[in-house]
Amino acid sequence: MYKRIYQLLEEKGKVKSAAVIKGQGRGSRCIFFKDRCISSDGSGFDWKPFEKVIADTLDTKVVSVGDTDIFIEIYLRNPRLVILGAGHVSQPVAHIGKMLGFHVIVMDDRKDFLTRERFPDADELVIGSFEEFSEKIPLYENAYYVVITRGHKGDTICARQILKRPYAYFGMIGSKNKVRLTREKLLQEGFTEEKLNTVYSPIGLPIGGQLPEEIAISILAQIVQVKNKNYAAFTDEKVGEAVCKGRSGVMATIIKKSGSSPRGVGSKMLIAQDGNCYGSVGGGSVEYQAVKDALKVDSMQIRNYNLSINDDKNLGMICGGRVEILFERIV
């Protein structure tokens, strides 16, 4: 199951999964895909009563539905910043985006604008008309689209295609009149008000930027704000690589925390059958004890760890706090 999650993550950049950790069906797992749960363990568990709450949950956390507790995880990696239009504002947007860790793609139909001299930081330069956008740039869940074409027509062509695909963020630059005309055109084509309200336009945080660099900062600040709005745990590539290589063992995942524990909910460590460990659930005493406990796991288990130094029943860590760790054996 984990192997499939990490494979999808590489393809799409975003995956949502769920596991029943308490109640009927305990141990059942699913991957949430296209608004429905697809069982990933062959257990036959009926996920339909839980699909809405899973769809509505945007953070990595435990949710309770009646007597059932479900751990919902959001996996994110390799965010893509897709810049449509290679004008003067796009240059600093690409540069700052790369500094922030995005995989940067710039597309335009003007070869003299779309050059390495102008976009030295971009990972991909895609030459083509905006009508070819859907053919040239594949679907990707964890994508942030910035439409900065040279005119109203190009904006509309790009918007029409983006609105039909998944996205983490979609922003369009332009005057209020330009935005209004684009919006009216798309409404006439059948796009709903609800869908169009997901578009950030005019684009960027209102910081009064005038220079291209200032406008770029306002755009990327808004993108970072959106990206960090909901909590998703850091996805450790070492864990994913180990799983995809077929390492068997026990997966340890923090499902709850309180106080100042060093790692957040969703942090993972794979304790492999050969004794090697990949990832981390906090280091120090908690990690040492988790590795020892993993050796005893033969089915899904949850253990609590006290990280304070106040009594003899704790792990003696100065950071304080508590964590609950879910252990699952994987083969």
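View 1. The model is predicted: local features need pLDDT of at least 70, side-chain atom pairs count only at pLDDT 80 or more, and totals for chains, interfaces and linings use all residues. Residues are numbered from 1 along each chain as its sequence is written, and side-chain values use heavy atoms, with hydrogens and water left out. Arg160 sits in helix H5, and Glu189 in the loop between helix H6 (176-188) and helix H7 (193-196), so the bridge ties together parts 29 residues apart in sequence. Helices (H or I, at least four residues) and strands (E, at least two) are DSSP runs, numbered from the N terminus.

**View 2. Salt bridges with shared partners form a network.** Arg29, Glu73, Lys268 and Glu328 are joined in it. The whole structure holds 14 salt bridges.

**View 3. Lys98 bridges to Asp123.** The closest N and O atoms are 2.8 Å apart. Lys98 belongs to helix H3 (residues 90-99), Asp123 to the loop between strand S7 (103-108) and strand S8 (124-127); the pair therefore ties together parts 25 residues apart in sequence. Lys98 is partly exposed, at 34% relative accessible area. Asp123 is partly exposed, at 29%.

**View 4. A salt bridge joins Asp108 and Arg150.** The N to O distance is 3.8 Å. Asp108 is in strand S7, and Arg150 is in the loop between strand S9 (143-147) and helix H5 (152-162), 42 residues apart. Asp108 is buried, with a relative accessible area of 1%. Arg150 is exposed, at 54%.

**View 5. H3 crosses helix H8 (residues 212-227).** Their axes come within 8 Å and cross at roughly 45°. Axes are lines fitted to C-alpha atoms, for helices over the stretch in contact; angles run from 0 to 180 degrees between N-to-C directions. H3 is oblique to H8 (under 35 degrees is roughly parallel, over 145 roughly antiparallel, 65 to 115 roughly perpendicular, the rest oblique). Pro92, Val93, Ile96 and Gly97 of H3 meet H8 residues including Pro212, Glu213 and Leu220 (contact means heavy atoms within 4.5 Å).

Key:
A salt bridge is a side-chain nitrogen of Lys or Arg within 4 Å of a carboxyl oxygen of Asp or Glu. Buried means under 20% relative accessible area, exposed over 50%, partly exposed in between (1.4 Å probe, protein chains only).
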